[in-house]
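Q: I am new to this structure and would like a close look at one part of it. Could you walk me through the aromatic rings and how they pair up?

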Amino acid sequence: MYYDLTNPDASYYWLHEALQIKQGELIETYVIECHNDFDVFYLDVIKKSKTCVKALINYLPEGINTKTSFFNEEDNTNKIYSLFSKYPDEIVGIKFRMPKGSFDDAFGHLLKAREIAQNVGCNLVVHMTNPPKDLNLMLSVLRAGDVFCHVYHGVGETIIDNCGKIKEGVILARENGIFFDACNGKNNFSFDVLQKAIEQNFWPDIISTDLTKTTINSAFVNSLTFIMSKYLSMGMPIEMLLKAVTYNPAKLLKLPNNYYNLEMCKDITILKIEDEKNMFLDFSNQVYWGHKSIKPVMTIKSLEIIYLA
């Protein structure tokens, strides 16, 4: 299962604690985004966690903080290459986030991030909320396997055109193999955008949480099963929903081909679906009342039952 924990003001120890808290739910794979002090993060979180932890290296050395307007590009590039060389199994991609107005040459930096990703053979995950350039232009430089993060955001240019239709560049990007990640979070999700999209059958390829310490027990995110419950309530087919939290993220994370062979698998999560009313919020505090709830029943890790409802 796929989590995207993007939280600049949470300490490594909180991240470790969060992973342990969530292991009773969907424990298999968590994706952490960071850059500076990765050696400390590796020792304090990855090595200590019972879960399988994979990392996205942020293109910016300070992570998702975009207040810094200048950094040494050569030093930054060399640091990223060095980290990929040192942690080939733990680091699976590069995250790029430069909202409009944060950097003068954001698009140039995007091209540089793509170049690095191409050279190390990894995916590029691009934060698309309030994109710095025309959305079609941003999408045109992504490669098959790259990820449009926060597909249903509602700030700046979105995937919906002035006529309420999915933009042609977005449809073309999916046809070209770009993944679209819901990555809901608190500030990167709009019910208005989602509703228009699903009316045109544009569901996410990947469902992740964008979980932070401020949303871990909230109507914005809470947990992965909570987010899954929202999409199920809104009509997403169950087979597509499960694929969005298992098979598709596994492709992104380059997990083994036999990962979902039940005879080979040692990690299993058993879920149940209940009729239950839940309140969900978006970035503008718009409310949606769901009617389905997905809940964990049992979690097995390395053939050991570690959670039983």
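A: Here is a friendly tour of the aromatic rings. This is a predicted model, in which local features need pLDDT of at least 70, side-chain atom pairs count only at pLDDT 80 or more, and totals for chains, interfaces and linings use all residues. Residues are numbered from 1 along each chain as its sequence is written, and side-chain values use heavy atoms, with hydrogens and water left out.

The structure holds 9 aromatic pairs (rings of Phe, Tyr and Trp, the last by its six-membered ring, with centres within 6.5 Å; planes under 30 degrees apart count as stacked, over 60 as edge-to-face, the rest as tilted). One of them joins Tyr-152 and Tyr-231: the centres are 6.4 Å apart and the planes stand at 35°, so this pair is tilted. Tyr-152 sits in the loop between strand S6 (147–149) and helix H6 (168–175), while Tyr-231 belongs to helix H8 (residues 224–233), 79 residues away (helices are DSSP runs of H or I with at least four residues, strands runs of E with at least two, numbered from the N terminus). Both Tyr-152 and Tyr-231 are buried (under 20% relative accessible area; exposed is over 50%, partly exposed in between, with a 1.4 Å probe and protein chains only).

Phe-226 and Phe-280 form another tilted pair, 4.5 Å centre to centre with 45° between the planes. Phe-226 is in helix H8 and Phe-280 in strand S8 (residues 268–281), so the pair ties together parts 54 residues apart in sequence. Phe-226 is buried at 12% relative accessible area, and Phe-280 is buried at 1%.
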